[in-house]
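Hi everyone, thanks for coming. Let's look at the structure together, starting with some charged side chains.

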Amino acid sequence: MTDDDASDGGHDSGREEFHEDPIGHAEVWPGMSVGDLATEYRMAGIGAAEMGRAVDIYAEMLGRDDVTNFFGLAGAMVPGGMRSVVSALIRDGHIDALVTTGANLTHDAIEAIGGKHHHGRTAAAGHERDHDEQLRDEGVDRIYNVYLPQEHFTLFEGHLRDRVFPEFDGVVATSEFTRELGRANLAANDGVDEDAGIAAAAYENDVPVFVPAVQDSVLGIQAWMHSQVSAFTLDALADLTNITDVAFDAEKAGATVVGGGVPKNFVLQTMLTVPEAYDYGVQLTTDPASTGGLSGATLDEARSWGKLEKSAKNVTVLGDATITLPLLVAGARDRLD
């Protein structure tokens, strides 16, 4: 060992990446708030640190009046029980533009007009086929461990036919169509146990709802069927103009992306059409980045495309969004309070 090695304890005194920041060991106690839990997460490492940082960034996004908040909602979030979380964010002014799937809006409308999803089960290994064949015979659709009786789709089809489609004649942007769907859901919600939901909250609060892949859903199938007997048709390209207008008017912008696929890309690519980029970004996904797929791509990668500012505060959290989304929202709300 040289004299220089001995003088610094054998460690490299020219470290560039290491900055002393010891891991804290998370503590829990009776009555702690979700905000407290997020702070404890931030002290820890691995996924907990990312979740804690996500709450920090999301709370800052929501707490600033000059940030326009874009929200991408993919996956089976409504059947999975996340409907009220999203509709409350809209009602409280925390979502300025929503990008989602036709499937989520289909399930949202079903709940608004009196249908219900039900707790189910997944089949034991080796018995999946028998399980789903039985459900098929009984007229029940399965989304992992959630069941939906098929008669609710019949209820939904009648709702569209009687209350939504008659309002249109000609070419319509999906954001105009979803606005009318929200109005109809609200009107049909009297006497229903569940509230009117996501599309209705967006209608009441003048929040545009974009469905760039609307044809990939029961909602889209019904719209296509109606287009076969009328002049009605949906214009997906019109929504590029509508969401770009929202982005262009934003002083600063934040993106919250739940899941991947089309809603994620539609939210992020919007910043390619305006001079600015996102100042904040939070992504909740189950997909790893190592596959090279869109759904797992980190928000750091989006920075290379110019979708996020170089100085943007952003984080990607890996995990089931039915677990991470309520934690994110509850933690941020605690911080705001």
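Asp56 and Arg42 form a salt bridge, with their closest N and O atoms 3.2 Å apart. By salt bridge I mean a side-chain nitrogen of Lys or Arg within 4 Å of a carboxyl oxygen of Asp or Glu. Asp56 sits in helix α3 (residues 46-63) and Arg42 in helix α2 (residues 34-43), so this pair ties together parts that are 14 residues apart in sequence. Helices here are DSSP runs of H or I with at least four residues, and strands are runs of E with at least two, numbered from the N terminus.

A word on the source: this is a predicted model, where local features need pLDDT of at least 70, side-chain atom pairs count only at pLDDT 80 or more, and totals for chains, interfaces and linings use all residues. Residues are numbered from 1 along each chain as its sequence is written, and side-chain values use heavy atoms, leaving out hydrogens and water.

Which residue else does Asp56 form a salt bridge with? Arg335, the closest N and O atoms being 2.5 Å apart. Arg335 belongs to helix α14 (residues 321-336), so that pair ties together parts 279 residues apart in sequence.
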